[in-house]
Amino acid sequence: MSTDAIVLLREDHKEIRRLFREFQSANTPARKAAAVRRILPALATYRQREDECLYPQVRTLLPDLDQRVLENSEQHHVAEALCAELATMNPDDERFTAKTTVLIETVTRHITGEEQDWFPQVRKGLGRKQLQDVGARMIALRKNGSGKKKPARTAPTNGAAPKNAAPKDAVPVQDVVDLLIQQHTQIRDLFLEVEKADGEAKREAFHRLVRLLAVHETAEEQAVHPVARLHLQGGGDIVDARLAEEHQAKETLAALEEMGPDAPEFPRLLAELRASVLEHASHEEAYEFRYLRRDVPAAELRALVKVVKAAEAIAPTHPHPGIESATANTLAGPALSLFDRTKDLVHNTIGKG
Ligand SMILES: [Fe+2]
Ligand SMILES: [Fe+2]
Ligand SMILES: [Fe+2]
């Protein structure tokens, strides 16, 4: 798998353009709103990669490009402000479409400019090895999360690393929402890794993806959705919709696991799973997590961190359709025992909470 920073960023640009087209071709307010819910997290992830990994490196090593980095960074800032407004805006608001259209125009100009003349200059200045190092940091950042809420828009240019940069091994999780969003990012990265790898590396990456999805969804089902069901207005409907999505994804995951990465049908089914899992994650972030923060006491959300971490510790290795419903959970087998162990651990941890 390539870790070249510019290759990774071009992939981000491609995904962002695809999401923009989705918004532009949406013919109902509900579809437009759904497209925006996917656009916002994709842009946040993309900005973070550049703001925290590439821009500081370019400022340090290529002072001739400094002014351009500052301009790029300001363009990110404008997009970030529009995203923040859209995140809290009712899709029925008369300005919702107009604001999204301006966001799309702004970001399209920005990414086109980066691709046309800025990336080539950066590639020439940094070279292959540096770009691979930056790309590796981008991937690590997505695995570990960032220590800063805000990107370093005014990173120093004196050759030193930014003073307030997060330590490499920092896991800046404030509550369970932070942790689950970090896992969504890891899941997105792992899909890319599986898609790009071959042979044994592909099998190994897919195995990690299966484990991560199993842990993540089990922890949500057992510990987080019940809290949402209890506290959120309309929580029952919100959680039922998420459980249905999780069930669907697990069935596809189980089918993929059974056929194995060498099967001719694997890439198509993997792409299908990727689309549905990422859509599910953006639904959770838009409909559930935001309201957890609003309606659930902060201490309770902090306490749930250790429950999700306990599930991570046991990491079941196989998906099991039906696990999200206790009554549907009647199938026997080794995979089930792993899920049950995770469930037990989660319940024990809640009990000790
Ligand atoms: Fe950018
Ligand atoms: Fe989920
Ligand atoms: Fe999730």
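Are E220 and E246 buried or exposed? In this predicted model, both residues are buried. They belong to a chain of 353 residues, of which 50% are buried.

The secondary structure of the chain consists of 10 helices and 0 strands, so that the order of elements along the sequence reads α-α-α-α-α-α-α-α-α-α. Contacts between residues at least 6 apart in sequence were also examined, and 76% of these join residues at least 24 apart.

Y46 and E114 are each buried.

The iron ion (ligand 2) is coordinated by E217 (OE), E220 (OE), E246 (OE), H280 (NE2) and E284 (OE), with distances of 1.9 to 2.3 Å. The sequence spacing of its donor residues is E-x2-E-x25-E-x33-H-x3-E. A separation of 3.2 Å lies between the iron ion (ligand 2) and the iron ion (ligand 3), and E220 coordinates both ions. Here too, distant parts of the chain are linked: E220 is in helix α6 and E246 in helix α7, 26 residues apart.

Helices α6 (residues 199-231) and α7 (residues 235-259) have axes that come within 11 Å and cross at roughly 165°. Angles over 145 degrees count as roughly antiparallel, and α6 and α7 are therefore roughly antiparallel to each other. The crossing of α6 past α7 is left-handed. On the α6 side the contact comprises F206, V210, L213, E217, E220, E221, H225, A228 and R229, and on the α7 side G235, G236, V239, D240, R242, L243, E246, K250, L253, L256 and E257. By class, the residues of this contact divide into 8 nonpolar, 3 polar and 9 charged. The iron donors E217, E220 and E246 are among the residues that meet between α6 and α7.

E257, one of the contact residues of α7, has a relative accessibility of 24% and therefore counts as partly exposed. E257 and R203 are separated by 54 residues in sequence, and their C-alpha atoms are 9.9 Å apart in space.

Helix α7 also packs against helix α8 (residues 266-295), at an angle of about 160° and with the axes 10 Å apart. This angle makes α7 roughly antiparallel to α8. The crossing of α7 past α8 is left-handed. From α7, the contact involves I238, R242, E245, E246, A249, T252, L253, A255, L256 and M259, and from α8, F266, L269, L270, L273, V277, H280, H283, E284, Y287 and E288. The residues of the contact of α7 with α8 comprise 12 nonpolar, 3 polar and 5 charged. Among the contact residues of α7 and α8 are E246, H280 and E284, which also coordinate the iron ion (ligand 2).

Definitions and conventions:
Residues are numbered from 1 along each chain as its sequence is written. Chains are lettered from A and ligands numbered from 1 in the order in which they are written. This is a predicted model: local features need pLDDT of at least 70, side-chain atom pairs count only at pLDDT 80 or more; totals for chains, interfaces and linings use all residues. Side-chain values use heavy atoms; hydrogens and water are left out. Buried means under 20% relative accessible area, exposed over 50%, partly exposed in between (1.4 Å probe, protein chains only). Axes are lines fitted to C-alpha atoms, for helices over the stretch in contact, and angles run from 0 to 180 degrees between N-to-C directions. Helices (H or I, at least four residues) and strands (E, at least two) are DSSP runs, numbered from the N terminus. Angles under 35 degrees count as roughly parallel, over 145 as roughly antiparallel, 65 to 115 as roughly perpendicular and the rest as oblique. A crossing is left-handed if the near helix is turned anticlockwise from the far one by less than a right angle, and right-handed if clockwise. Contact means heavy atoms within 4.5 Å. Ala, Val, Leu, Ile, Met, Phe, Trp, Tyr, Cys and Pro count as nonpolar, Asp, Glu, Lys and Arg as charged, and the others, Gly among them, as polar. Donors are N, O and S atoms within 2.8 Å of the metal (3.2 Å for Na, K and Ca); water is not among the atoms, so sites may look incomplete.
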